[in-house]
Amino acid sequence: MNRRSLGSRLAALAAVTAALAGCASDDGDDAAPPASAAPSTASSRPPGSGGTPARTPDGTLLVTDFGADTVTFVDPAARDGAAGLGSVRVGTAPYGIALGADGTAWVATAEGVAAVDTRTRERTALIPYRTDTGPVTTGEYRGGGMGIALSPDGGRVYVGVNVPGGNGTLEVVDTRRREVTRVVPVGRRPFDVDVSHDGRQVYATNHDSFDVTVVGTGDWTTRRIEVAPYGTGGGLGSWLKPHYTAVRPSDGALLLPFEGERLAVVDPGTGRVRIEDMTANTHQHGVTAGADGTLYVVGTGPIDPSRDDGPSLTVRTPDGDERIIPLDGPHETVALSADGRTAYVTGGFTRAGSWDGLSVVDLGSGGVTRLPVGERPLAVAVLGEGAPRRA
C-alpha cells in the first residue's frame with residue numbers, strides 16, 4: 001500500500017479540494033433546486049400491479065432511490081436487466097433504511113420517516129420531523145433524515161436529521177404510535193446511526209464534525225467522541241472525515257474505516273480510539289459487519305488518482321487480514337445476503353459520479369455482476385427471515 005505521511009496527504013488533498021470542493025462543502029456538486037415541501041400521504045404500489053401485488057419473496061433487496069422519491073424492490077438473481085420488481089413512493093431523496101422483523105421498512109427521507117409494508121409494497125405512513133431543516137431539497141447536502149436504525153425490540157426508530165449549516169439531531173420515533181417522541185442534539189450531518197446490541201446506546205456518526213455522538217436511551221444524555229485519525233485540518237472542506245460505522249458483534253466496539261489506510265476502533269464506553277492499518281488505499285464510505293465479525297468496507301475511488309487506488313470492496317477478517325475485490329465505478333453502501341455468501345454494493349454514491357445500479361459480489365470467487373436498477377440507489381436492505389435488517 002502507498003503509505004503516505006499526513007503532511008503530504010494534506011498537501012495533495014488541498015489541491016484536489018480546490019478543484020472539487022471536497023466531500024463536505026456546503027455548496028457541493030450535487031446541490032439541486034428545492035423540491036415541493038408538501039408531503040403526499042397516498043400509498044403507492046409498483047407500476048402496472050393492477051391491485052395488490054404478490055407477496056414479496058425472501059431475499060428480495062430494497063434500495064433507496066436517492067435520485068428520486070422512491071424505494072425499489074430488486075430481484076438479485078436477475079441477470080437480464082429486469083431486476084426491478086416495482087417501486088414505492090416514500091418521500092423526497094430517501095437515504096437510509098432500517099428493516100423490522102414485522103416486514104416494515106423505515107426509510108429516512110428529506111420530508112420525514114416513511115413506513116413501507118414490504119409484503120404488500122405500500123407506504124403506510126410518512127412521519128414528519130420535529131426538527132426545522134428548512135425547505136425540502138434534494139442532493140448531497142439536503143436537510144432531513146440520513147442514517148437510521150431500529151431498537152433491538154423494534155419499538156423505536158432512531159433517525160439522524162441533517163440541518164444544513166448547523167448541528168443535526170437524533171429523532172426518536174415510536175413505531176406503534178408512528179410519531180416522533182423525542183429530539184436529541186448530535187453533530188453535523190449524521191451520515192449513519194447505529195444501536196448497541198443491548199439497545200442502551202445509540203451512535204450517530206457525524207460526518208462534518210469529525211465525531212460520533214453516543215446517546216444513552218435511558219436518560220437521553222449525550223457524549224461526543226472525536227474520531228479523526230488524520231486530524232481535523234481542512235474543516236468542512238476535508239475529505240478525511242467519518243462516514244459510516246459498524247458495531248463489532250464480539251464486543252460492541254465501533255469500527256470506522258478511513259481512506260483504505262486506517263480503521264478507527266472506538267470503545268463507546270471510554271471514548272478511547274485505537275487505529276489499525278488497512279490496505280485498500282481508496283476513499284471509503286459504507287461498512288457492515290457479518291455475524292462472525294468479518295468487516296465489509298466500500299471503497300468509492302481515489303481522491304487523488306495519481307496516488308490512490310480505484311473503487312473496491314474490502315473483506316477484512318476479525319484478525320485483520322484483508323482481501324480487496326475491485327469494483328467498477330463508485331459505490332456507497334453494502335449489505336450481506338442471509339447466508340453471508342454475497343455482498344450487495346450500491347452505486348448511488350453521495351457525490352457526483354454515481355450510477356443507477358448495484359454490484360452483486362460473490363464473496364467466495366470475488367466475481368462481480370452489475371445490476372442496473374433504481375435511480376441513484378444509496379442504501380440497501382435484504383428482506384426475509386434471517387436476513388440482515390439494516391444497511
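**Figure 1. Phe66 and Tyr95, two buried residues in a predicted model.** Both Phe66 and Tyr95 are buried (under 20% relative accessible area; exposed is over 50%, partly exposed in between; 1.4 Å probe, protein chains only). A search of the whole structure finds 3 aromatic pairs (rings of Phe, Tyr and Trp, the last by its six-membered ring, with centres within 6.5 Å; planes under 30 degrees apart are stacked, over 60 edge-to-face, the rest tilted). The ring centres of Phe66 and Tyr95 lie 5.7 Å apart and the planes meet at 85 degrees, so this pair is edge-to-face. Phe66 sits in the loop between β1 (61-65) and β2 (70-74), and Tyr95 in the loop between β3 (84-89) and β4 (97-99), so the pair ties together parts 29 residues apart in sequence. Strands are DSSP runs (E, at least two residues), as are helices (H or I, at least four), numbered from the N terminus. Residues are numbered from 1 along each chain as its sequence is written. The model is predicted: local features need pLDDT of at least 70 and side-chain atom pairs count only at pLDDT 80 or more, while totals for chains, interfaces and linings use all residues; side-chain values use heavy atoms, without hydrogens and water.

**Figure 2. The edge-to-face pair of Phe191 and Tyr244.** The centres are 5.6 Å apart, with 75 degrees between the planes. Phe191 belongs to strand β12 (residues 190-195). Tyr244 lies in the loop between β15 (222-226) and β16 (246-247). The two are 53 residues apart, so distant parts of the chain are linked. Both Phe191 and Tyr244 are buried. Ring pairs join Phe66, Tyr95, Phe191 and Tyr244 into a cluster.

**Figure 3. Arginines over aromatic rings: Arg121 with Phe73, Arg370 with Trp355.** The charged end of Arg121 sits over the ring of Phe73, 5.7 Å from its centre. Arg370 lies over the face of Trp355, at 3.6 Å from the ring centre. A charge sits over a ring if NZ of Lys or CZ of Arg is within 6 Å of the ring centre and within 35 degrees of the ring normal.

**Figure 4. Glu111 in the loop between β5 (104-108) and β6 (112-117).** Glu111 has 9% relative accessibility, so it counts as buried. Its side chain makes a polar contact of 2.6 Å with the side chain of Thr92 (N or O atoms within 3.5 Å; within protein, one able to donate a hydrogen and the other to accept it; residues adjacent in sequence count only if both atoms are side-chain atoms).
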